[in-house]
Amino acid sequence: MVNLTIDNTPVSCMEGTTIMDAAAAAGISIPHLCFLRGINEIAACRMCTVEIEGTERLVPACDNVVQEGMDVHTNSPRVREARRINAELIMSQHNGNCISCVRSGNCSLQTLCNDLNIHDGNPFTPDISARRWNMKAPLIHDASKCIKCMRCVNVCSKIQDMHIWDLEGSGGHAHINVTLGRTITDADCTYCGQCIINCSTGALRERDDTEDVYSALADPSKIVVAQVAPAVRAGWGEDFGLNNSEASEGRLVTALKKLGFDYVFDTNMGADMTIMEEAAEFLQRMQNPDHYEKPMFTSCCPGWIRFIKSQYPDMVPQLSTAKSPHQMMAATVKAWFRDEKGIDPHSIYMVSIMPCLAKKAESAEPNQNDACGDPDVNTVLTVREMNRMFRSDHIRPVLLSESEFDDPFGFASGAGKIFGVTGGVMEAALRTAYHSVTGKNPDPDAFQNVRGMDGWKEAVIDISGAKIKTAVVSGLANTRRLIEALRLGRVRYDFVEVMACPGGCSGGGGMPIHDGWSMTDTRGSQLYKLDKNSDIRFSHENPAVIKLYSEYFGAPLSEKAEELLHTDHDGWEMPLNPRLCER
Amino acid sequence: MSRLTIKTVSQAQTTVEGLYKDVERRIIASPPGLCPVDLAASFLKLCHAQTCGKCVPCRVGLGQLEQLMDDVLDGSADESTVDLIEQTARVIKNTADCAIGFEAASMVLKGVEGFRDDYLEHVRHNRCIASMNQPIPCTALCPAGVDIPGYVALIHEGRYSDAVRLIRKDNPFPVVCGMICEHPCENRCRRGLIDASINIRGLKRYACDNAGRVPVPECAEPTGRKVAVIGGGPGGLSCAYYLSLMGHSVTVYDAHKYLGGMLRYGIPSYRLPREELQRDIDAILSTGIRVEKNTTIGKDLTIDQLGEEFDAVFIAIGAQQDKKLNLPGENGRGVFSAVELLGRIGDGDIPDFTGKNVCIIGGGNTAMDCTRSSKRMGASRVTCVYRRRTEDMTTLPDEIEGAVEEGCEIMTMSAPVRIELDDGDNVTGLVVQPQIPGAIDKSGRPRPVKADLPEVIIPCDIVIVAIGQGVDSKEFEEAGIPVVRGSISAFDTGNIADHEGIFAGGDCVSGPATAIRAIGAGKVAAANIDQYLGFNHEITSGVEIPHPVMHDCGAYGRIQPDMRPAGERSRDFEQIELCMTDEEACQESGRCLRCDHFGCGVLKGGREERW
């Protein structure tokens with residue numbers, strides 16, 4: 001143990017503890033800005049500087065460890081002066097137009113400057129950089145707001161192993177940009193959006209598509225349909241300070257109806273359909289081992305599809321051809337309204353509310369147009385965009401009554417609900433695959449060992465004597481490790497679930513932002529609770545799905561199902577990893 | 001009013017003089033990877049401050065150039081701006097009255113030509129090609145990428161064997177490099193901003209001296225793949241070491257009686273004692289490498305035979321062919337090539353020069369090695385003859401100083417003309433033509449020009465020609481391996497065009513260079529051979545690096561260990577350089593600024609833990 005004093009309070013802590021953590025243990029919260037635990041501990045912003053008695057220079061608390069006998073002051077006049085001047089220097093390079101910033105009210109820099117009581121005019125000349133950006137890309141970087149905290153650089157390289165961002169140039173002109181002189185649309189960016197949810201200001205954000213949705217809602221000739229992804233219901237209320245019971249599915253449906261949507265469907269049902277298709281496809285592959293490379297990979301995460309297409313293009317045939325649930329849902333809704341109700345599908349405007357940015361790119365892929373030639377999904381909104389619409393329509397969710405999702409695409413099993421968390425797709429698929437093989441339902445909680453926030457999980461499942469080796473991975477650095485191990489023959493699996501965001505969609509790049517802590521686990525637990533409380537916990541028992549298959553698709557992998565529910569992953573181009581281009 | 005006053009220096013001027021020193025140090029310690037346009041603009045600002053203000057081009061023009069370059073950097077310029085910069089700089093160069101103006105403009109012009117792409121990237125895309133992707137100067141400048149801040153920190157904690165393990169992750173010759181490395185790592189050491197670069201090589205030597213025997217890591221599972229390495233020098237053995245750790249079966253072929261290449265046959269034992277060299281070689285071989293000595297590829301075995309027997313081949317034959325001066329008398333008795341002389345010494349066959357007068361021709365490290373070895377072999381008078389100035393010699397300044405201390409003479413500005421022989425073809429003298437330093441050539445050194453003075457005869461019995469080495473690539477060229485100007489042609493990955501599975505690196509590709517560059521080439525080849533064989537083995541050290549402690553970095557002196565007294569050391573081949581004391585090593589390692597943690601280094605985690 002190391003003994004020291006912080007602000008005259010005696011503190012004992014383990015050797016190797018940072019000054020910041022030691023202070024936190026003593027109830028002293030040292031201000032910080034660029035710090036992101038385990039990911040960005042680089043002491044760039046100098047907001048956490050403290051004074052150590054007997055040391056001339058001030059010391060950042062985030063990346064310096066305690067020493068025996070240290071006498072630390074976190075608010076001495078020298079520290080206060082340093083913190084203020086450095087904050088003003090940061091502000092001199094920040095476009096502080098907070099009134100129209102998407103992160104206003106949820107911005108670490110804004111909070112810090114308020115907390116530091118910096119109100120008077122900044123003594124430094126504003127030096128705001130302006131850089132060109134393709135505003136049509138799903139991911140926007142606004143250099144005028146970037147404070148070069150480097151969180152995006154380290155999140156992208158350490159968590160996702162994608163290296164899309166780096167500090168470019170040197171000297172006073174150094175700035176964050178896409179690596180290797182590429183633009184974002186030329187780069188192999190997966191659009192996972194992890195950089196956005198870790199950005200300390202509003203420099204990184206999704207392309208705002210809310211105006212397109214407002215236009216559709218205002219168009220009387222359009223039937224405007226919303227569908228809501230599994231993870232959305234576990235986190236949408238966070239922006240309004242609501243707990244899980246306040247931010248219910250029912251209130252979410254009512255709120256969307258209040259915005260003017262004609263129908264609100266549940267992507268969870270699309271998830272159940274995905275399971276029907278993917279489980280059937282998996283069994284088909286297992287029964288024809290000579291025709292298919294193992295393992296089969298899930299295909300419900302478009303960030304992961306962008307990853308495999310750009311990093312390991314030779315493995316694309318191992319992907320399930322099943323579309324992601326919202327694309328399945330969208331194609332089905334448009335085709336079904338046409339075939340069963342005689343409604344012109346061109347008049348249907350489909351909006352997907354997703355925890356995700358990659359789906360903005362996915363919906364624009366040239367071959368996601370199976371219902372009528374229009375894009376099956378017209379607009380993808382992140383949860384944050386949806387919440388901004390609620391705010392701008394002065395909807396107060398907590399005051400709303402509950403409504404049901406609309407028929408006939410409004411009912412989901414518990415299996416569909418857990419799609420929004422790492423391991424959920426695998427667990428749902430195994431429940432149905434087990435039934436397909438044995439004719440009996442397993443205990444719905446039999447496959448629990450694929451649950452949890454570990455980045456790489458494994459489970460061997462016994463289905464009437466056949467041992468199915470499965471793996472579940474989330475986060476793209478973990479994914480790369482798994483794939484490298486597969487390619488070297490160090491591991492073997494039959495079935496692998498991949499989600500690009502750590503923890504799955506619950507940690508998605510389109511979810512509400514909380515600087516410095518993660519809600520992923522909490523949201524995942526909520527989804528498991530919804531599953532547990534469901535009367536029906538198997539996709540194949542979902543009465544809406546049974547009806548749809550018996551009356552419309554016939555069976556999984558039928559011709560109609562292949563047409564609407566499956567996709568050709570080679571139908572569009574993805575920029576390659578630059579290292580592959582070298583070869 | 002007095003007619004004259006004594007010139008005195010004001011306090012401001014004294015302070016400015018101090019600032020000049022600071023700027024000099026800052027430039028020396030400038031990190032690699034900076035934006036060249038930004039740097040040129042900054043230098044220009046300094047130049048403009050030096051303007052007296054008399055003439056238009058310098059007073060006004062330099063300021064306008066500054067503004068134009070700022071426009072380029074701010075992204076508010078277009079390609080016509082670059083043309084205007086060039087035009088203006090040209091006019092300033094042609095019309096400025098004094099060097100303050102025309103040299104400043106020349107610098108800008110050089111930049112517009114030399115890094116025009118950087119200018120254009122700025123104006124076209126408002127971006128910069130440069131980026132500081134190698135933020136730790138020492139590691140970035142080490143050809144093998146050794147984790148220098150890591151092992152310096154380990155030394156400071158007294159963890160010497162861990163230091164050796166960490167070095168071996170990137171360089172299997174820690175003992176050798178502790179003694180003879182040219183230490184490019186020290187060139188831009190950030191500590192130079194405060195006082196002087198860390199004595200990195202000295203610290204490595206100290207770690208190796210105190211670590212005892214450090215076992216090598218376990219080899220990976222055998223892969224069943226076979227690799228032949230041609231040449232047992234630093235490049236070949238480094239490659240062999242890593243491939244062996246990766247589980248491949250490696251055979252090293254070497255033409256000599258002993259392994260080590262130029263480490264043994266080029267560097268005398270007073271700089272690198274044989275038993276110290278053997279420590280590294282033994283550790284490398286302990287990974288299970290097979291060795292075939294006295295085997296020359298092209299003679300005893302053909303390259304095609306190796307290609308058939310092995311899955312991959314690494315060519316690392318070095319540059320061991322001596323170059324001739326083509327002087328009259330060069331074939332006389334008593335004329336040696338440096339390679340021949342140092343080769344004999346390497347095999348333990350030490351010639352006796354007792355009482356002889358010896359002349360060495362050349363100004364590189366090899367010339368110095370021959371000079372100082374000749375003294376040790378008993379020569380009564382040793383003269384190193386060089387056609388340029390002392391400061392133009394390519395050897396390290398310490399070597400010249402050491403040789404002079406040991407009683408050798410350096411005779412500069414003297415171009416050899418012929419070697420005088422007696423009737424028995426024995427050397428009797430070396431005739432040189434005095435030179436004067438002329439115009440500066442491309443290498444930045446004044447070209448030696450014949451002086452208006454008569455030839456000079458240096459009476460001597462022995463002449464050693466040490467003017468550089470070439471690559472003995474004939475057999476390889478005949479076997480179809482591409483050779484350009486005598487050197488084997490390979491990519492910076494070690495691959496050879498149109499020769500799948502054959503790799504090359506070290507001196508035989510680069511021409512005569514340093515041990516650490518050959519080691520780096522061996523490491524690169526090992527990684528790429530592993531990949532070629534279909535693997536992705538990783539090399540790690542498993543050593544945890546101490547967390548740095550931030551402290552005020554007051555200025556200190558650099559520790560430079562002593563040499564044995566010149567009069568004593570010049571009589572034997574024992575090691576001349578002493579090791580740091582515990583006290584010295586502790587202070588010197590404590591001076592390290594830990595650029596892996598403080599500054600840009602931490603952005604990328606401070607180190608590559610595996611490769």
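Modeller: Two residues are in contact if their C-beta atoms, placed from the backbone, lie within 7 Å. The model here is predicted, and by that rule 20 residues of chain B are in contact with 25 residues of chain A.

Biologist: What makes up the side of chain B that touches chain A?

Modeller: The residues there divide into 11 nonpolar, 6 polar and 3 charged.

Biologist: Why is C181(B) called buried?

Modeller: A residue is buried if 20 or more other C-beta atoms lie within 10 Å of its own. C181(B) has 24 C-beta neighbours inside 10 Å, so C181(B) counts as buried.

Biologist: Where is C181(B) found, and which residues is C181(B) in contact with, leaving aside neighbours within four places in sequence?

Modeller: C181(B) sits in the loop between α10 (174-180) and α11 (200-211) of chain B. Its contacts, with those neighbours left aside, are R201(B), A515(B) and I516(B).

Biologist: What makes helix α12 of chain A mostly covered?

Modeller: Of its 10 residues, 383-392, 7 are buried. Among them are V383(A), M386(A) and F390(A). The buried residues of α12(A) pack against β9 (204-206), α6 (210-218), α7 (249-259), β13 (348-354) and β14 (379-382) of chain A.

Biologist: What comes just after α12(A)?

Modeller: H394(A), which takes a positive phi of about 40°.

Biologist: Which residues touch the most other members of the largest nonpolar core?

Modeller: V225(A) and I353(A) do, in a core of 169 residues. Apart from that core lies another, of 137 residues, including L342(B) and Y532(B). Residues up to four places away in sequence not counted, V225(A) touches F261(A), Y263(A) and V333(A), among others.

Methods: Residues are numbered from 1 along each chain as its sequence is written. Chains are lettered from A and ligands numbered from 1 in the order in which they are written. This is a predicted model: local features need pLDDT of at least 70, side-chain atom pairs count only at pLDDT 80 or more; totals for chains, interfaces and linings use all residues. A nonpolar core is a set of buried Ala, Val, Leu, Ile, Met, Phe, Trp, Tyr and Cys residues joined through C-beta atoms within 7 Å. A residue is buried if 20 or more other C-beta atoms lie within 10 Å of its own, exposed if 12 or fewer, and partly exposed in between; C-beta atoms are placed from the backbone. Ala, Val, Leu, Ile, Met, Phe, Trp, Tyr, Cys and Pro count as nonpolar, Asp, Glu, Lys and Arg as charged, and the others, Gly among them, as polar. Helices (H or I, at least four residues) and strands (E, at least two) are DSSP runs, numbered from the N terminus.
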